[in-house]
Amino acid sequence: AIAWPVMIGQIGHVSVGLADSIMIGGLGTVSLAAGAFANSVFVVPMVFGIGMAYGLTTPIANADGEGAPLKARSFLKHGIYLNGFVAVLMFLVLLGFQNLLPFMGQDPAVLEESRSYFTIICLSLIPLLGFLTFKQFAEGLSDTRVAMVISIAANLINIGLNYLLIHGHFGFPQLGLDGAGLATLIARILMVMSMAIYVFRKPAFKVYTAGIEWLVIEKERFKTLFNIGFPSGLQYIFEVSTFAMAAVMAGWINPESLAAHQIAISLASVSYMAASGFGAAANVRVSNQLGAGNIPSLRRAAHSNFVLVLGLMTLFGLVYLFGRHYFPSFYSDDPKVIALSGQLLIVAVAFQIFDGMQVTTLSALRGLSETRIPTLIVFVSYWIIGFAACYTLGFTFKLGPLGIWIGLATGLIVASSLLFWRFEYLVKQLLKKELNG
């Protein structure tokens, strides 16, 4: 009940990425590659901010389990301040980093077309993190449906604006790739406005939102949010930056390889976002039951999510396997790009299960406020093992984009295995402590 609205909302969010790629693909391979390059750079600091926002869910759910609404109210206020600061900081960092894009070894035509689009999507980070702050607050209270509705509505607006602004239909300016960026910015502004209105006007939330003392600052609240959010942000950076570097490496080969990578990753991201719904449910239920002091129920909630995500990712894997020659044709009519994409989707089938397990187990660990060891596990799995495997198989063994993707799968397998072991170890320690107590 908690997971499915998150899944639908997340899939809706990724569907916009799919629609963007398909509609941008109509402009040509260079435009598709330019969008892929800009997003591969933008996504790294963006996911750090997303990880920071996700740090709000655990203390809110803990407070709910404890029956402490004033505590949750304080965390909401400090979460708004902290995530707002992070959003503006990330935007400024991205603007400065734009000067380094010419040194990343991309095709000159791809680089030139990506410049203004990159600036626009960087600005959209500010409303995105605002939306996530209110969304994670609601999720911490097991309220996930309205965020889903807002996400879907905004995504439909995004797609409609893509149609109007990319190609200039119905008298609108023909902005090409920049039109896709502007559509994303407008949709995210509408998302944060709608979610804020919902949180502050819902009668059941009044106990958490009424009477907030905005000028009263408690450093301990910032510390708690930071101690969960900062490692979570690093975890997302280590994972996503590996995929971003995979896109950069694919661009070193040729524009067709980069376009194929973008197609395959956009399809794989659909199943990842669906799995993240179970991750959200694991986070909420684990942290809620931890606050209530019910460790056996905590363990059952986590294991239920693990079983559900394994079934879901097996299903997605079969869909990608049988549709590997069909789905890429939505994005491109270039036979080389379609053939390469089909090869990469075979590898995506292999790591679906491990991708789903790592995101769900990582979220369950976040529900235990356990972030430091998982951050180390993620770093070793992706940046030491995964990245090395990508480069070695892709270039030393000359397997090209296929080798890069096998390297990505290797990192996911290692991460999911170690994270599951860590969760089981911690839960056994909690059960032992409960028995001894």
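Start by selecting Lys71 and Glu66: their side chains meet in a salt bridge, with N and O 3.3 Å apart. Keep in mind that this is a predicted model.

Next, click on helix H6, residues 125-140. Select Glu139 and Lys135, which form a salt bridge with the closest N and O atoms 2.6 Å apart. The two sit four residues apart in that helix, so about one helical turn separates them.

Now pick Arg422 and Glu370, another salt bridge, at 3.0 Å from N to O. This pair ties together distant parts of the chain, 52 residues apart: Arg422 is in helix H15 (residues 400-436), while Glu370 is in the loop between helix H13 (335-367) and helix H14 (372-396). Arg422 and Glu370 are both buried.

Time to zoom out and colour by secondary structure. How many helices and strands does the chain have? There are 15 helices and zero strands. The C-alpha atoms fill a box of roughly 65 × 50 × 35 Å along the principal axes. For 437 residues, a compact globule would have a radius of gyration near 22 Å, and the chain's 21 Å agrees with that. Last stop, the inside: 58% of the 437 residues count as buried.

Note on methods. Residues are numbered from 1 along each chain as its sequence is written. This is a predicted model: local features need pLDDT of at least 70, side-chain atom pairs count only at pLDDT 80 or more; totals for chains, interfaces and linings use all residues. Side-chain values use heavy atoms; hydrogens and water are left out. The radius of gyration is taken over C-alpha atoms; the globule rule is 2.2 Å times the number of residues to the power 0.38. Buried means under 20% relative accessible area, exposed over 50%, partly exposed in between (1.4 Å probe, protein chains only). A salt bridge is a side-chain nitrogen of Lys or Arg within 4 Å of a carboxyl oxygen of Asp or Glu.
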